Every structure is written in structure tokens, then in C-alpha cells.
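Subject: Structure handover

Hi there,

Here is the structure I promised to pass on, with the sequence alongside. Could you load it and follow along with the notes below?

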Amino acid sequence: MQVTDICDLFAGCIGVENVVSGERLALRNPGYCEDSFVSGVLLTPISTEQVSQICKLAQAHQIPIVPHGGLTGLVQGTASKPGQVALSLENMNSVREVDPIQGMIVADAGVVLQQVIDATEPHGMHVGVDLPSRGSLTLGGMASTNAGGIQALRYGMARDNILGLEVVLPDGTVLDLTNRLVKNNAGYDLKQLFIGAEGTLGIITKVVMRLHSKPAGIGTALIGCPSADALFDVLLSAKQSFGGGLISFEAMWPDYFNLTTGHLGNRLLETECAIYGIIEIGQWGAGDAQELLTEFLADGFERGTIADGVVAQSDTQRQAIWQIREDSDIVDTAHGPSLSYDVGLLLRDIPDYVARIKSRLSAECPEMESFVFGHLGDGNLHVMVGPAPAPGQHATVDNIIYGALEAFHHTTVSAEHGIGLEKKSHLSQSRSPEAISTMLEIKKALDPSNMANPGKILSGQ
Ligand SMILES: Cc1cc2nc3c(=O)[nH]c(=O)nc-3n(C[C@H](O)[C@H](O)[C@H](O)COP(=O)(O)OP(=O)(O)OC[C@H]3O[C@@H](n4cnc5c(N)ncnc54)[C@H](O)[C@@H]3O)c2cc1C
């Protein structure tokens with residue numbers, strides 16, 4: 001079918017104003033996936049009913065649908081092709097209910113995370129999931145990628161914080177799974193199927209999330225350590241000292257730390273260290289988080305596990321610390337577009353893994369640089385390699401990053417970003433043949449015509 005015919009078809013059911021194509025589409029930013037709009041058609045429904053009608057029409061005419069959230073996904077999950085339609089939830093963007101006593105928020109899938117932060121803050125609550133892309137990512141995208149982020153150590157991933165969902169299946173059936181109860185063991189917990197499915201099983205239209213009390217105080221420290229082992233020692237001490245009050249524990253290797261601090265024009269620390277970390281703690285009861293963290297750092301200095309460190313004395317200083325970690329786009333600004341990886345390992349294997357990839361990258365791709373940082377407390381490393389190589393060389397870098405995982409047990413090629421198109425050929429490294437064929441069976445049961453984001457995550461549908 002031609003683009004104009006597809007537009008006419010859907011304009012008949014959701015109105016011409018909600019069908020974007022041609023110049024109007026060309027003006028849009030495709031986000032972190034340059035092929036987001038290759039389909040040439042973007043549908044922007046305003047209600048679950050319209051999403052359902054679109055799915056029925058798409059099914060009848062065999063037009064696959066690629067769901068779009070905030071387009072911050074990093075694995076090409078929103079890429080579309082001619083003959084398909086992209087569907088954005090941007091017009092379904094209302095926070096429906098905030099109930100601090102029940103401890104939950106109900107919002108449309110197109111609501112941006114920052115909107116949720118703003119809506120819950122006056123109640124002294126938050127949703128427990130926070131990512132650097134908070135200004136653009138939507139709740140639907142967050143649920144579909146089972147996002148992790150900087151507080152997963154304390155609150156878990158998106159899956160652990162989602163109480164319920166509303167989902168439109170590929171045949172247009174509306175599945176109301178908007179559970180609000182913390183305890184609900186009535187049969188299969190179907191929402192879990194759609195969390196992390198990257199839009200391959202249906203379109204999420206509403207999300208119910210748990211709310212957590214905001215801590216009365218926050219303590220944030222930037223530290224430098226003499227070795228990775230010393231940083232692990234600090235992590236263990238932080239777990240023992242702060243228990244559930246430990247919210248984030250991040251790491252940055254010198255390549256990344258020196259690049260971002262150089263670019264931002266502020267190192268905050270004086271000493272050159274082997275590795276850098278960010279510790280964030282919350283304080284709900286007695287005590288002052290900043291003071292507790294200052295004492296904790298003093299102990300680390302004494303024991304020699306911390307070589308340098310600073311505790312934020314204001315929100316501005318806290319933001320300056322987090323900016324060093326969160327402004328990973330600086331790698332692209334400084335070196336041109338880079339390749340981005342998101343692996344997971346047991347903590348004890350991380351230093352050896354980083355040494356292996358760095359040594360192979362400098363031997364086999366000497367023109368490229370690598371930058372390593374991540375959510376250390378979760379065993380989740382981000383590796384950026386830039387400048388992006390010529391297409392033939394991409395596989396060489398993939399083989400180094402993923403190949404090095406094979407020396408270890410209990411690893412993953414995707415700790416939090418998902419599989420999309422980008423990591424499809426490496427899925428079998430992290431999931432057994434039996435697990436992959438079970439995924440394919442689930443896909444066939446819910447989407448027998450393969451209309452929901454086809455080609456993402458799984459091959460052979
Ligand atoms: C600077 C930066 C930092 C980041 N940091 C983190 C991090 O710390 N942790 C982390 O986990 N991720 C991180 N990400 C990745 C990204 O922000 C997350 O994956 C986010 O959850 C994607 O949400 P989105 O709304 O942008 O989804 P999109 O990018 O629009 O879509 C992502 C996937 O979800 C599907 N999808 C989107 N909406 C729906 C829907 N309503 N129903 C069904 N399927 C849907 C899409 O088809 C696609 O497959 C980061 C990205 C950037 C750019």
C-alpha cells in the first residue's frame with residue numbers, strides 16, 4: 001500500500017489531524033533511532049478506543065504497527081519500514097490519579113517521566129524509577145523496555161514498580177490489567193508479559209505505578225578510589241552502613257570521567273584515581289544524610305579505600321555531581337556518534353572484563369576510544385566506543401564487547417536497554433534455545449499475524 005492510501009485509511013478512523021506524514025513528519029526529530037520515521041506515516045491517537053480501532057484496521061489490512069514513546073531507546077526498537085505505521089502515544093499524556101495513601105499513580109502511557117516526578121513531588125512521593133532521559137521518556141516506553149536507571153539498586157527496575165497496565169492487543173482487544181493492589185495473586189500476572197516486550201506483544205496505553213515516600217534528606221558524594229577492588233570495598237561498606245537507605249552506587253572509569261569533567265570544566269576532585277564513583281543515600285528517620293555520608297567518607301579515607309571525595313552541600317552541587325555521570329551525550333559531542341553497549345556481569349568479574357575489552361579494543365581498533373561507566377551496584381556497565389566505525393567494523397566491536405562476556409558465567413548482553421534490532425543477533429548469548437522458543441510461542445499466541453513491532457527482539461516470527 002502507498003503512504004497516501006495508508007494515511008487515508010487511518011484518517012478515516014482517527015481524523016486527518018492525527019495522521020502525520022510528508023513535510024510535517026520530516027520536521028520531527030527521530031530521537032536516538034534514525035529510522036524511526038522510515039514508514040512515512042505516524043499515527044497520534046487520542047484515546048485507548050482509537051488505539052484499538054487502529055489495531056483492528058491494521059490487522060485487517062496487514063499493516064504492522066511500531067509503537068513510539070519518547071524515542072530515547074538505544075537499541076533501534078522504534079525503527080519502522082515502508083508499509084508499516086509508527087504510532088505515538090504523545091496525545092495520551094494525562095496523569096489520571098495520584099493516591100498517596102494507597103501509594104499509586106495512574107497515568108496515560110504517553111506521560112513523560114518528568115511529568116510524573118512533578119505530579120508526585122507535592123505529595124512527598126516518587127515512583128522509584130529515574131533515568132537521565134527523564135525529560136523525554138514516556139511511561140509506555142519505560143514499561144516496554146523495563147527500564148532500570150540510577151535508583152534500581154534501591155527500588156528495582158520498572159517491573160518492580162509497575163502495579164498494573166492497560167494494553168491493546170494486536171487484534172484490537174483492550175486488556176484491562178490496571179491493578180492497583182500491592183497483593184493480587186488471582187491467576188497469571190499478565191502485565192509482566194508486556195513489561196520489557198518492547199512493543200512486540202501489544203501497545204501499552206495506561207500504567208499504574210507504585211509510589212514511594214521521598215526521603216527527608218539526600219546525601220550525594222563523588223569519590224575517587226585507588227582501584228576497582230577498593231571501590232567494591234566501599235560498595236560493601238555502604239550496603240552495611242546504610243542498608244535500604246543506599247539509593248545509587250555508580251562507577252566511572254577514568255576515560256569517561258576525564259572526558260565529561262573536561263567538557264563540563266569542573267573535576268570536583270583533585271586527585272587522579274583509578275576509578276570514580278557516586279554514592280547517593282536517602283535518610284527517612286533521624287540523622288542528617290550529608291553528615292552520615294561525610295563520616296562514611298572519612299572512614300574510607302582512613303582505611304585507604306577512598307583516595308579523594310566530596311559530599312554535595314546543596315542541590316546545585318548534587319546536580320553538578322550527577323551531571324558528570326549523566327551527560328553521556330558528551331561522548332558523541334566530543335568524538336562523533338559512538339556505539340553504545342549495556343552489558344551485565346557479576347560484580348567480581350567486572351574489573352577483569354573491562355581490562356579485556358580495553359586491551360582488545362586498543363589492539364584491534366586503535367583509532368577508537370572506549371568510555372566505561374554504569375550502575376555498578378547493579379552489575380550494569382555502559383560501554384561507549386567512538387567514533388562509530390565503518391559499517392563492516394561494527395561487527396568487530398560487537399564481537400569484542402560481547403565476545404569478552406563469554407569468559408564469565410551469568411552475564412547479559414542487555415542489562416537494561418533491551419534487544420530491539422540492535423542486539424537481536426546476540427540474544428542467544430543471554431537466553432537458552434528453550435527460553436527463546438518459549439518467547440516465540442508467546443509471540444505467536446498473542447500476535448499470530450506478526451503485526452506488533454515485527455522483527456524486534458526475535459527472529460523467525
Ligand atoms: C541519555 C540517556 C540515558 C539513558 N539512561 C538509561 C538508564 O539509565 N536506564 C535505562 O533502562 N535506560 C536508559 N536509557 C534508555 C531509554 O531512555 C529507556 O529505554 C526508556 O525507557 C525508553 O523510553 P521511551 O519512551 O523513550 O521509548 P522509545 O524509545 O520510544 O521506545 C522504546 C521501545 O518501547 C516500545 N514502546 C514505546 N512506547 C510503547 C508503548 N506505549 N507500548 C508498547 N511499546 C512501546 C518501542 O516500540 C521501542 O521498542 C537512556 C537513554 C538516554 C538517551
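Before the notes, one term: contact means heavy atoms within 4.5 Å. Please also keep in mind that this is a predicted model.

With that cut-off, let's start at Asp-342, whose place is in strand 16 (residues 339-344). Is Asp-342 buried or exposed? Asp-342 has a relative accessible area of 0%, and buried means under 20%, so this residue counts as buried. Leaving aside residues up to four places away in sequence, Asp-342 touches Asn-380, Leu-381, His-382, Val-413, Ser-414, Ala-415, Glu-416, His-417, Gly-418 and Lys-423. With Asn-380 there is also a polar contact between the two side chains, at 2.9 Å.

Next, have a look at strand 13 (246-252). Because 7 of the 7 residues of strand 13 are buried, the strand is largely enclosed by the rest of the structure. Strand 13 runs antiparallel to strand 14 (275-283), and 6 bridges join the two. Strand 13 also pairs with strand 17 (369-375) in the antiparallel sense, over 2 bridges.

Which residues of helix 10 (residues 254-264) are buried? They are Tyr-256, Phe-257, Leu-259, Thr-260 and Thr-261. Just after helix 10, Gly-265 has a positive phi of about 75°.

Finally, there is an open sheet of 5 strands, ordered 5-6-10-8-9 and paired antiparallel. Strand 5 (95-99) and strand 9 (174-177) stand at the edges with a single partner strand each, so one side of each has no neighbour in the sheet. On average, neighbouring strands of this sheet are turned by 10° against each other, direction ignored. Within the sheet, strand 6 (residues 104-108) and strand 10 (residues 203-210) run antiparallel and are joined by 5 bridges. Val-106 stands opposite Val-208 in strand 10.

Best wishes

Technical notes: Residues numbered from 1 in each chain as written. Predicted model: local features only at pLDDT ≥ 70, side-chain atom pairs only at ≥ 80, totals over all residues. Heavy atoms only, no water. Pairing = 2+ DSSP bridges. Helix = DSSP H or I, 4+ residues; strand = E, 2+ residues; numbered from the N terminus. Axes fitted to C-alpha atoms, helices over the stretch in contact; angles between N-to-C directions. Buried < 20%, exposed > 50% of the residue type's maximum accessible area, 1.4 Å probe, protein only. Polar contact = N/O pair within 3.5 Å; in protein donor to acceptor, adjacent residues only side chain to side chain.
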